[in-house]
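Thanks for coming. Please look at the chain on the screen while I go through it.

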Amino acid sequence: MTDTILVTGGTGNIGAAFVALLAADARAPKIRVASRDHRSKGAALVRALNPETVMPVAFDVDDPESMRAALAGVNKLFVIAPFIADMKAWHEKIAAAAKRAGTIEHVVKSSVTGACGPDHDPPPSAVPLGHWQGEEAFRRAFPTVAIRPNIYMQHFLTVPGLYVPRADRFYLPTGRARVSWLDARDIAALAAAFTMAPSPEHAGKSYELSGPTAPTAAELAGILSLVARREIRHEDGADAFSARCKELGIADTAKHFYGQAGEGWFAKVDDEIFVRVLGRHTTSFAKFALDHRAHFADGAGD
């Protein structure tokens, strides 16, 4: 039987890579990409990956009819949550709608590293707690595997305050801390494997995910300089990052995550589950930089 898979957040870093993998899968699963704006350019782009199997669909957790239609006949669900205040309610609404659909056999939930309940010592901050509550909402209703990635390499592509294309410096307030940056494409690959071949071995479990090493910012600068074939410098400090954001006219919200990285929150290296399931380690930062060389190279800088 052909699988019908619904993915929420299917136009983002993880979601688009997940859709791309399944769009090329010879088993030809039907992929529904849930979106509040299923006619957006992002939705059109993921549909173009394979118009025969990929279909963007309207999906709004505050519109039960849109969820009912999107979930009709779906047997597998990959949940990627937006960055919102009430993650608990968001997940619970989807879990309830999925249960009403009556066809869901398996759920993969993208969470965050360190997700844990309120009784944990020390207690979690709002984001890890919200994701843990989301994990629990699905675990209560379905065989569910949760993946808990740490900080993404794609920040170098999508956070201008950190780096703008072809610049000669990046602004990362992590000091000498080691950070096990993780490529979002690896998260998608693991999620795709768990989705297409669910196993009782993984049901109900949560897996922490990281890159294969934990380089310092100085080491990242060395790698980027080699890839760009010119010097790319690291600018340290929260004040420098905030000033850069102000210069670009953007919020410095990411300073919070980089501060956590500087405190060692993302230092642990643990990609064993990738070796077990995919037969390989996660992508190195050097490989990520080479894959996106045009983003880093061939510019005069600023």
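Which residues does W181 touch, leaving aside those up to four places away in sequence? They are N150, I151, Y152, M153, H155, F156, L172, G211, T213, P215, L220 and Y258. Touching here means contact, that is, heavy atoms within 4.5 Å.

A word on the source. This is a predicted model, in which local features need pLDDT of at least 70 and side-chain atom pairs count only at pLDDT 80 or more, while totals for chains, interfaces and linings use all residues. Residues are numbered from 1 along each chain as its sequence is written, and side-chain values use heavy atoms, with hydrogens and water left out.

Back to W181. W181 is one of the residues with the most contacts inside the largest nonpolar core, along with F156, F170 and Y258. That core has 31 residues. A nonpolar core is a set of buried Ala, Val, Leu, Ile, Met, Phe, Trp, Tyr and Cys residues joined through side-chain atoms within 4.5 Å. Buried means under 20% relative accessible area, exposed over 50%, and partly exposed in between, with a 1.4 Å probe and protein chains only. At least two residues of this core come from each of β7 (169–171), α8 (217–228), α9 (238–248), α10 (255–262) and α12 (285–291). The largest share, six residues, is supplied by α8. Another core lies apart from this one and has 30 residues, among them I187, A191, M196 and Y207.

The helices and strands are DSSP runs numbered from the N terminus: helices are H or I with at least four residues, strands E with at least two. The chain has 13 helices and nine strands.

Next, α10. Its buried residues are Y258, Q260 and A261. They sit on the same side of α10, because they cover an arc of only 155° around the axis; the arc is that of the directions from the helix axis to the C-beta atoms. These buried residues pack against α6 (155–158) and α9. After α10 comes G264, with a positive phi near 95°.

Now S111. Where is S111 placed? In the loop between β5 (106–110) and α5 (126–139). S111 counts as buried because its relative accessibility is 2%. Leaving out residues up to four places away in sequence, S111 touches H131, E135, I147, R148 and P149.

Last, the whole chain. Of its 302 residues, 48% count as buried. Its C-alpha atoms fill a box of roughly 55 × 45 × 40 Å along the principal axes.
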